[in-house]
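Here is a structure to read together, one feature at a time.

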Amino acid sequence: MAGVDAIVLGYPNWWGTVPMAVKTFLDAIDLDGVTIAPLCTNEGSGLGGSVGDLRRSYPAANVVEGLSVRGTDAKSSTRKAVAWAKKAIA
Ligand SMILES: Cc1cc2nc3c(=O)[nH]c(=O)nc-3n(C[C@H](O)[C@H](O)[C@H](O)COP(=O)(O)O)c2cc1C
């Protein structure tokens, strides 16, 4: 992760937040000063509490506004996601 200053973090909404496996990944890397752009697929709960949970768990990171995409719409959402990501990590 050396030299990385922003990541687009894609994950499914599980029980209203980020899956533990994703947090295990985040726990293993240095997030000091890193911008995290949350991209969350779900089946109706949107981002749930995931953005707040990420902000609380990783205060050294800069967690920006996330994008919610219905899992069933994921395949047709590439253009929307890329446009959002470009702004989110600009
Ligand atoms: C264990 C588990 C918990 C889930 N909890 C939620 C939830 O709280 N809210 C929601 O909208 N979707 C929930 N989902 C649906 C997933 O967010 C959805 O399947 C995923 O975003 C779409 O990715 P997929 O097509 O790879 O499954 C859950 C799915 C699983 C397997």
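Q: Which residues does Leu-54 touch, not counting residues up to four places away in sequence?
A: Two residues are in contact if their C-beta atoms, placed from the backbone, lie within 7 Å. By that test Leu-54 touches Val-18, Ile-36, Pro-38 and Val-63, leaving out residues up to four places away in sequence. This is a predicted model: local features need pLDDT of at least 70, side-chain atom pairs count only at pLDDT 80 or more, and totals for chains, interfaces and linings use all residues. Residues are numbered from 1 along each chain as its sequence is written.

Q: Which residues of helix α2 are buried?
A: A residue is buried if 20 or more other C-beta atoms lie within 10 Å of its own, exposed if 12 or fewer, and partly exposed in between; C-beta atoms are placed from the backbone. Helices (H or I, at least four residues) and strands (E, at least two) are DSSP runs, numbered from the N terminus. In α2, residues 50–57, the buried ones are Ser-50, Val-51 and Leu-54. They lie on the same side of α2, because they cover an arc of only 100° around the axis. That arc is taken from the directions from the helix axis to the C-beta atoms.

Q: What does the face turned away from the buried side of α2 carry?
A: That face carries the exposed residues Gly-52 and Arg-56. The buried residues of α2 pack against β2 (35–42) and β3 (62–63).

Q: Where is Asp-53, and what does Asp-53 touch?
A: Asp-53 sits in helix α2. Asp-53 is partly exposed, with 17 other C-beta atoms within 10 Å. Not counting residues up to four places away in sequence, Asp-53 touches Thr-17 and Val-18.

Q: Which residues make up the largest nonpolar core?
A: A nonpolar core is a set of buried Ala, Val, Leu, Ile, Met, Phe, Trp, Tyr and Cys residues joined through C-beta atoms within 7 Å. The largest one here has eleven residues: Tyr-11, Val-18, Leu-31, Ile-36, Ala-37, Cys-40, Leu-47, Val-51, Leu-54, Ala-61 and Val-63. Both β2 and α2 supply at least two residues of this core. β2 gives the most, with three residues.

Q: Is Tyr-58 buried, partly exposed or exposed, and where is its place?
A: Tyr-58 is partly exposed, with 18 other C-beta atoms within 10 Å. Its place is in the loop between α2 and β3. Leaving aside neighbours within four places in sequence, Tyr-58 is in contact with Leu-26, Leu-31 and Val-63.

Q: What phi does Trp-15 have?
A: Most residues other than glycine have a negative phi. Trp-15 has a positive phi of about 50°, although it is not a glycine. Trp-15 is found in the loop between β1 (6–12) and α1 (20–27). Trp-15 is exposed, with 10 other C-beta atoms within 10 Å.

Q: Which residues are around the ligand?
A: A residue counts as near a molecule if its C-beta atom, placed from the backbone, lies within 6 Å of it. Around the ligand are Pro-12, Asn-13, Trp-14, Trp-15, Gly-16, Thr-41, Asn-42, Glu-43, Gly-44, Ser-45 and Gly-71.

Q: How many helices and strands does the protein chain have?
A: The protein chain has three helices and four strands. From the N terminus on, they run β-α-β-α-β-β-α.
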